[in-house]
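These are my notebook entries on one protein chain. I wrote down what I looked up, one topic at a time.

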Amino acid sequence: MKVIRAKAMGMCFGVRDALAMMRALPNPQEVTVYGELVHNPEILNEIAQRGMTMLSETQRVLPLSKAVVITAHGVSLQEKRQLAQRAEQVYDTTCPLVQRVHQQALALQNSGYFIIVIGKPSHVEVKGLIGDLQAYTVVETLADVQSYSHQLLGVVSQTTTPPDLAQAIVQAIRDHNPAAQVKYIDTICKPTRDRQVALTELFKQVDAMVVVGGAHSNNTRQLTERCRRCQLPCLQVQNEQELPKEWFFPYQVVGVTAGTSTLDSTIDKVCQTLEGKVETKRFF
Ligand code: SF4
């Protein structure tokens, strides 16, 4: 089987920096990670091995430990203040591109705009963003778009939103609100955009795709959905152990891409397994 790797894939600088900071922290037993540092099971396992406490994303409560780590997805300013009051030390690994979304949304709000966030309402990045806003709504799909009772509509998006979805939603907002002034600030991060473009470039060269990434990773899921929308056979796996050999029988050329929290070593093992260079239990 021939394997073609996407030109841009895998771990982004935001996740890499968060991981580097986490690995350098002294006294890990005294550290609580405020949510999943990244949506990658191998990294989450590493955090547990180091003795850190990690809160689940659905049950984030103010920690009692000496130090707390804010994840790359960020939190609201209000939440950050509460964490600073509770812990002696706050390590903030919020990605600068997430911080930029907060800054842009607040600037729009301060200019009198009603904020429309394109994104997944339950995602921690979106929760952190709307935590600082007073008048806002979150739009996940085209069907969520409405006619709003505001003249000024400011639109930002979750960093991992597929660019074509964001464009379609912005157009729908304009169509539903012809009298409003709609200001869209493109806050999709470059690594997400690059991975989506690189995936599209692969479509004409491959028979099927493998997307490597955490089951809870939003941008990994978006890559998978893009393949499915283009009706390309696609398998999403967390690692090489999840590759079922029988699935690949019909395919000669398989493309590989990966979400922004996937380790290079995991991508390498998936590619090597597909190429028959290493054996895994399920694949041979
Ligand atoms: S996916 Fe984008 S916004 Fe999120 S951590 Fe990576 S670079 Fe930052």
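I looked up strand β9 (residues 181-184) and found four bridges joining it to β8, with the two strands running parallel. Two strands count as paired if DSSP finds at least two bridges between them. For Leu153, the bridge partner in β9 is Val182.

I noted where the numbers come from: this is a predicted model, in which local features need pLDDT of at least 70 and side-chain atom pairs count only at pLDDT 80 or more, while totals for chains, interfaces and linings use all residues. Residues are numbered from 1 along each chain as its sequence is written, and side-chain values use heavy atoms, with hydrogens and water left out.

**Strand β8**

I then turned to the other pairing of β8. Strand β6 (residues 114-118) is joined to β8 by five bridges, and this pair also runs parallel. Ile116 has Val155 in β8 as its bridge partner. Buried means under 20% relative accessible area, exposed means over 50%, and partly exposed lies in between (1.4 Å probe, protein chains only).

**The open sheet**

Next I looked up an open sheet of four strands, which has the order β3-β2-β4-β5 and parallel pairing. Strand β2 (residues 31-34) is joined to β3 by two bridges. Across that pair, Val33 stands opposite Met54 in β3.

**Single residues**

I picked Val68, which is in strand β4 (residues 67-70). Val68 counts as buried because its relative accessibility is 0%. Its C-alpha atom is 27 Å from that of Asp264, a residue 196 positions away along the chain.

Thr273 is in helix α9 (residues 264-274). I found Thr273 buried too, with a relative accessible area of 0%. Thr273 and Leu243 are 30 residues apart along the chain, and their C-alpha atoms are separated by 8.5 Å.

His73 sits in the loop between β4 and α3 (77-86). At 13% relative accessibility, His73 also counts as buried. Which residues does His73 touch, leaving out those up to four places away in sequence? I listed Glu36, Leu37, His39, Glu57, Val98, His123, Val124 and Glu125. A contact means heavy atoms within 4.5 Å.

**The whole chain**

I finished with the totals. The protein chain has nine helices and 12 strands. Of its 284 residues, 54% count as buried. Its C-alpha atoms fill a box of roughly 60 × 50 × 25 Å along the principal axes. Among contacts with a separation of 6 or more, 70% are between residues 24 or more positions apart.
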